[in-house]
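We will go from one selection to the next and look at what each one touches.

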Amino acid sequence: MGEGFLVEQLIIDTSSREYPVYIGEGLLHRSAELLASVLEGKSRALIISDSNTAPLYAETVRDSLEPLLSVHIHTLQAGEHSKSLEGYDQVMTACINARLDRHSVILALGGGMVGDLAGFAAATYMRGISFVQMPTTLLAQDSSVGGKTGINHPLGKNLIGAFHQPEAVLYDTDTLASLPDKEWRSGFAEMIKHAVIKDPDLLVRLRTEVQNTEDMKKDSLKQFLKQSMTVKADIVKEDEREAGVRAFLNFGHTLGHALEKASGYKDLTHGEAVAAGMIFAMKVSNYLQYSEWDTAAETAWFKALGYPVEAPAAFEPAALVETMKSDKKARAGELTFVLAASPGKPFLANVEERDILHLLSEMKKGECRDD
């Protein structure tokens, strides 16, 4: 590596592949240097990006890599709507037009939508080719690690997909500077989730040091980022294909995914929906007498951070429940929630539909007090 080139590194160790995660400033300019071993023997590369990210960073990556191999760029329309069968078809066509073969590599340059879609394309093009995650959002610190790839169906989020591990994750933190506050909040919600399910000490630090959106952007972010991604790495190592503890990473997601769908994937970001889902999961856990979360304090902190924790009240409870029944964790239509007895003690629970309807109805009436 070049002199003065500072980079943090994690190793993700799974049953199917071990790969590095690089975290640091200015890494996109060093793409060829960092990815030399991954690109060795590769025939050509296709950068998949979106209309927000490609104009900022795609040429930087291509300029770095072109001395090593031929590089093409395909730009998707930004937004969750591209993570669809139509978007997948566009990427497949781009792969064919770029003449990718089984020795080619796909580079996912963007946020979670790009990473999920590009990864699924890599998992299925010619029955599977290499890919590299190059996340450019705070939210993608979660989705870029672990090999979950996929697209949405009109009837549900992430219902079509595959497990396909990247060969590396290159996380240039300089890209976060271009994010709007809404995206900072979206990614920080996943940090909170990781802390709640596995790292109580991190949760204490987040509560103490981050009281608003601007606090998320402090120098301590890099340390928080590494701690958060380490939680994900540890869980993925133990359970690559979500047969056990990896399901805990869905804390807040059962209701969160339903809220995203109900809002048309545009009014609420993923992280905002998950934040509302985490508060709701705490309320469910208390209601079923599994825990004693101080939901008033948690709600106050989430609101101070800018999260729309009352978002469930804007939708019909029965409609949200029907959407939750199609969640991947549901079995035979029975609602399954990730709950937590306390920080660091998550568990899966089957929850009666009537209990969820009751709590959602109370929220809609404004009677679901934070106590």
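Begin by selecting strand 5, residues 105-110: six of its six residues are buried, so the rest of the structure largely encloses this strand. Here, buried means under 20% relative accessible area, with over 50% being exposed and the range in between partly exposed (1.4 Å probe, protein chains only). Strands (E, at least two residues) and helices (H or I, at least four) are DSSP runs, numbered from the N terminus.

A word on what you have loaded: this is a predicted model, where local features need pLDDT of at least 70 and side-chain atom pairs count only at pLDDT 80 or more, while totals for chains, interfaces and linings use all residues. Residues are numbered from 1 along each chain as its sequence is written, and side-chain values use heavy atoms, leaving out hydrogens and water.

Strand 3 (residues 44-50) runs parallel to strand 5 and is joined to it by four bridges; strands pair if DSSP finds at least two bridges between them. Click on Ala-45 and you will find Val-105 of strand 5 as its bridge partner. Strand 6 (residues 130-135) is also parallel to strand 5, with six bridges joining the two. Leu-109 sits opposite Met-134 of strand 6.

Next, select helix 10, residues 253-262, together with helix 11, residues 270-287. Their axes come within 7 Å and cross at roughly 135 degrees, which makes helix 10 oblique to helix 11. The axes are lines fitted to C-alpha atoms, for helices over the stretch in contact, and angles run from 0 to 180 degrees between N-to-C directions. Oblique covers whatever is left after under 35 degrees (roughly parallel), over 145 (roughly antiparallel) and 65 to 115 (roughly perpendicular).

Show side chains at this contact, meaning heavy atoms within 4.5 Å. Helix 10 brings His-253, Leu-255, Gly-256, His-257, Leu-259 and Glu-260, and helix 11 brings His-270, Ala-273, Val-274, Ala-276, Gly-277 and Phe-280.

How much of helix 10 is buried? Eight of its 10 residues are, so helix 10 is largely enclosed by the rest of the structure. To see what surrounds these buried residues, display strand 8 (156-163), helix 7 (181-198), helix 11, helix 13 (317-324), strand 10 (335-340) and helix 14 (353-365), which they pack against.
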